[in-house]
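Please find below a note on the model under review.

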Amino acid sequence: TSRKSDGLYRNIKVVSERAGLELAYRRGYFATDDPAPSGDEAAKLLVAALQPGMPPATSILMRVRVQPPDATHKTTRVDYVVEPSEVQFVDTPDHMKHFTLDFRAVAWDSEGRVAGSASDTLSPALKPEFNMASLTTGIPASQELTLKPGKYVLSLGLMDRNTRKVGTVWASLTVPETASK
């Protein structure tokens, strides 16, 4: 319940009304402020979350649309929408609002090898007069992957560098033969 980052140890206790359960959980933590990760550190954390076999990360929610190549687009398009309430905006002395989101898309082939990837960072500086209400539909971002015809599993994720929150989702994708012509 305490939000102070004073370096003290905080105990955690989880209880269940259901009898006979043995709960497994972390018993406590040290309340310290971790500095926001640098670009390289953030990339490593996000890459680790997108490895095959990792469970979905749900600390930050997003909507994702994957569009395979077609007659007008030769690439696989990934469109993200992030809820603004999931993102930490930081006010700076110049009265700007900043946030930094790292996005990564990885296509895994049927052999478990990386067939393609994209990595992007969204880090705008929003002026004081920026209308935050205009973000009601979410914060948009997009990526493109060039993939040969075949079947893939996509691991898609994002990280808010200010909070280290990560969100990931997995999707199946078939790139048709006609897309490469």
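The points below run from the basis of the model to individual residues.

1. Basis. The model is predicted, and local features need pLDDT of at least 70, side-chain atom pairs count only at pLDDT 80 or more, and totals for chains, interfaces and linings use all residues. Residues are numbered from 1 along each chain as its sequence is written, and side-chain values use heavy atoms, with hydrogens and water left out.

2. Overall architecture. The protein chain has 1 helix and 12 strands, where helices (H or I, at least four residues) and strands (E, at least two) are DSSP runs numbered from the N terminus. The order of elements from the N terminus is β-β-α-β-β-β-β-β-β-β-β-β-β. The C-alpha trace spans about 60 × 55 × 30 Å along its principal axes.

3. Of the 181 residues in the protein chain, 31% are buried (under 20% relative accessible area, with exposed over 50% and partly exposed in between; 1.4 Å probe, protein chains only). Taking contacts (heavy atoms within 4.5 Å) between residues at least 6 apart in sequence, 61% join residues at least 24 apart.

4. T76. This residue is in strand β4 (residues 76–82). T76 is buried, with a relative accessible area of 0%. Leaving aside neighbours within four places in sequence, the contacts of T76 include V66, P69, Q143, L145, L173 and V175. P176 is 100 residues from T76 in sequence, yet the two are 11 Å apart in space, C-alpha to C-alpha.

5. R161. Is this residue buried or exposed? R161, in the loop between β11 and β12, is buried, with a relative accessible area of 17%. The side chains of R161 and D102 are joined by a polar contact of 2.7 Å (a pair of N or O atoms within 3.5 Å; within protein, one must be able to donate a hydrogen and the other to accept it, and residues adjacent in sequence count only if both atoms are side-chain atoms).

6. L21. This residue is in the loop between β1 (9–11) and β2 (28–30). L21 is partly exposed, with a relative accessible area of 44%.
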